[in-house]
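Subject: Structure handover

Hi,

Here is the structure I promised. My notes follow below it.

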Amino acid sequence: MKITDLYIDQDVLDLPATRVICDRLKMPGQVVDSADPVYEKLSRTAAPVDQGKKILFLTRNKGAFLRPCPGTDYYTCCNYTILHFGTFCTMDCSYCILQSYFHPPVLQFFVNHNDMDASLDEFFQQKKRARIGTGEFTDSLIWEDIYPFTSHLIKKFAAQNHAILEVKSKTVAIDHLLTLPHNQKTIMAWSLNTSDIVRTEERRTASLDARLAAAAKCRDHGYPLAFHFDPLIIYPGAEAAYRLIIEKLFATIRPENIVWISLGTFRFMPDLKAIIEQRFDRSKIIYGEFVRGLDGKMRYFKPLRIRFYQQIVSFIREFAPHVTLYFCMEDDEVWEKSFGFAPHQYGGLPMMLDQSAARHCGLL
Amino acid sequence: MAVDALKASIARIGLVSPPILKLQPENRYIVVSGFRRISVCRALGLQKIPARVMGLGSDDGQLMKLAIADNAFNRSLNIIEQATAIFKLSPFLPDDDRTWHSECDPIGLTVNPGLIRKLKKIRAASSDLKEKIAAGKISLTVGLELAGMDDGSRVQFLTIFDALSPTLNHQKEMIRMAGEIACLEDKPISKIFNSLEIDNIIKDPDMDRNMKISRVRRKLKDRRYPEISGFEKTYHARVKRLTLPESIALHPPTDFEGNDFMIQFTFRGLPQFKEICDNLLRLRDHPDFAAILEKSREDN
Ligand code: SF4
């Protein structure tokens, strides 16, 4: 993690995680009594998004650590729970929604881990089946070189049997996690895309081969795995390119080791378009055939995305006929035309995923 | 102040702020600012009005500032008017941003770094474009887009806009679609226009201006969104084959994204209602209707 400016919220100055991070970064940090100076510094720069990837603000999560995924009514959500431990990312994907999600976007790491642990303990006591993920507002693993956050979570989840943790990443920072006692309650997950997309749209991420090699290492150490083909991007030659990566995936990982695979075509809030045009002037991904979806996001024209999904599903089914495959935020029409069934026929998407997690991770 | 209000004010209390004129050789004058005031005075039948006259050797930059200040303090300029005013002043300003601020603030114009950057871009653009912006034929926003293009593409757009005078929204749409097609196909916009035979549309003597505009837009849309355009064509062909009377209208979900179709009908009296019911029953077994609801892409 390359940090140029470290800001520390006065409120968290004495917390153990703050001290660890300052030591690791070998930076004293500037103590501030609110987020304002950080935002001011950022908004004065010519390129706030780029700068926000180098400015780290250690602070407290003043809201809930555990929050439901903000799905919308119309499209089917998996009812995932987000563990909100930090924001933004040091990698730089053109399609990343975080560029326009935070105003201005800045790396924040919430160091009030006592509060987080208390929330988790309370949650675990309910003994509810749950899928909890850390990769919604940031990449799960970019923080590992400044603080062993995921190691802490893996151990914590290993001590209970009702919830799983999904660690989602485009990095390969996993070596220090391999020998942890995970009790199969952590699913190691990677986003996959075609090599064209990784090369042109995912700056500073690990290569596909590296991601698959990392997944194989985790598998060898007993971790259950998951993969996310999200965002699927439609471009000339995309189907063949996705076929290649699917072949590669199943040449490396057996379907039995995979808890689920998600599929989601590229979708974005309209204001992301101008940001991508400005920051990634060679990117063509925003010039697909998009229409405004019922959640206000731009989505590929439905007949087009159904046809694309049908192809991708058939490729995956060829290698893994029984693997749990699901769509992230699609409606029944897409499910029925691509999979031949709608989630409610199997008790709903959350239930389908819970059952798969129960099978692979030994949930009670 | 709106023209009516200005007229009422001059009629009641006279001309408070005289227009500014510049003396030309042979005792002629040109109006530097106050066109509206002069025309209102004319309309009120005033034979003589006071004016402020600038001498023969007055500095053009100074005159421009005077004209802008005169306007800006008489009524508040909107953002576009402000930007256009700064654009007109820009040839008289040096390159450093600080001077732009110090010159513009006192005459009531607000500048920000983004605007300065954009205006400098236009300042570096070709003279044909600058003339059109200054004359108000091209808006500043469209001008900015055109300024960033290669010569061939810019000339193409200026030709289309000159010939068809599309609305500002249509201009923006044409620029956006052509730019996106060019990016997708890795070709200059001028090549895209050639392959779409836009020139032929403009010159077609059998089409009026509106038809030409919609034809150009259609061509661009078909190329930019081939899947959507193809789907819409298939949909319309199917609807046509349903041979619905005008009293029945079928509304698909917006952009075919949702799943709710709507049928709307109007009728007068029982016989027409029965006719509508027959038509609706006919739809139930019509293969094209089934294909419409299925949103199937392939036409049968
Ligand atoms: S890895 Fe994820 S969080 Fe990071 S920039 Fe890419 S999309 Fe955004």
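This is a predicted model. I started with helix 10 of chain B. The buried set is B:Q171, B:E173, B:M174, B:I175, B:M177, B:A178, B:E180, B:I181 and B:A182.

The helix geometry checks out. Helix 10 of chain B covers residues 168–185, so at 1.5 Å a residue its 18 residues should span 26 Å. The end C-alpha atoms are 26 Å apart, which agrees. After the helix comes B:D186, with a positive phi near 55°.

B:D186 also reaches across to the other chain. It forms a salt bridge with A:K284, with the closest N and O atoms 2.9 Å apart. The count between chain B and chain A is six salt bridges. The interface also has 16 residue pairs in polar contact, both residues at pLDDT 80 or more. On the chain B side, helix 10 and helix 14 (226–241) are the elements that give two or more residues. That side has 10 charged, seven nonpolar and two polar residues.

Now the interface totals. In chain B, 19 residues are in contact with 25 residues of chain A. The two chains bury about 1,800 Å² between them, 53% of it on carbon and sulfur atoms. Within chain B, B:E227, B:I228 and B:E257 lose the most area to chain A, together 32% of what that side buries.

Best wishes

Notes
Residues numbered from 1 in each chain as written. Chains lettered and ligands numbered in written order. Predicted model: local features only at pLDDT ≥ 70, side-chain atom pairs only at ≥ 80, totals over all residues. Heavy atoms only, no water. Helix = DSSP H or I, 4+ residues; strand = E, 2+ residues; numbered from the N terminus. Expected span 1.5 Å × (residues − 1). Buried < 20%, exposed > 50% of the residue type's maximum accessible area, 1.4 Å probe, protein only. Contact = heavy atoms within 4.5 Å. Buried area = accessible area lost by both parts, 1.4 Å probe. Salt bridge = Lys/Arg side-chain N within 4 Å of Asp/Glu carboxyl O. Polar contact = N/O pair within 3.5 Å; in protein donor to acceptor, adjacent residues only side chain to side chain. Nonpolar A, V, L, I, M, F, W, Y, C, P; charged D, E, K, R; others polar.
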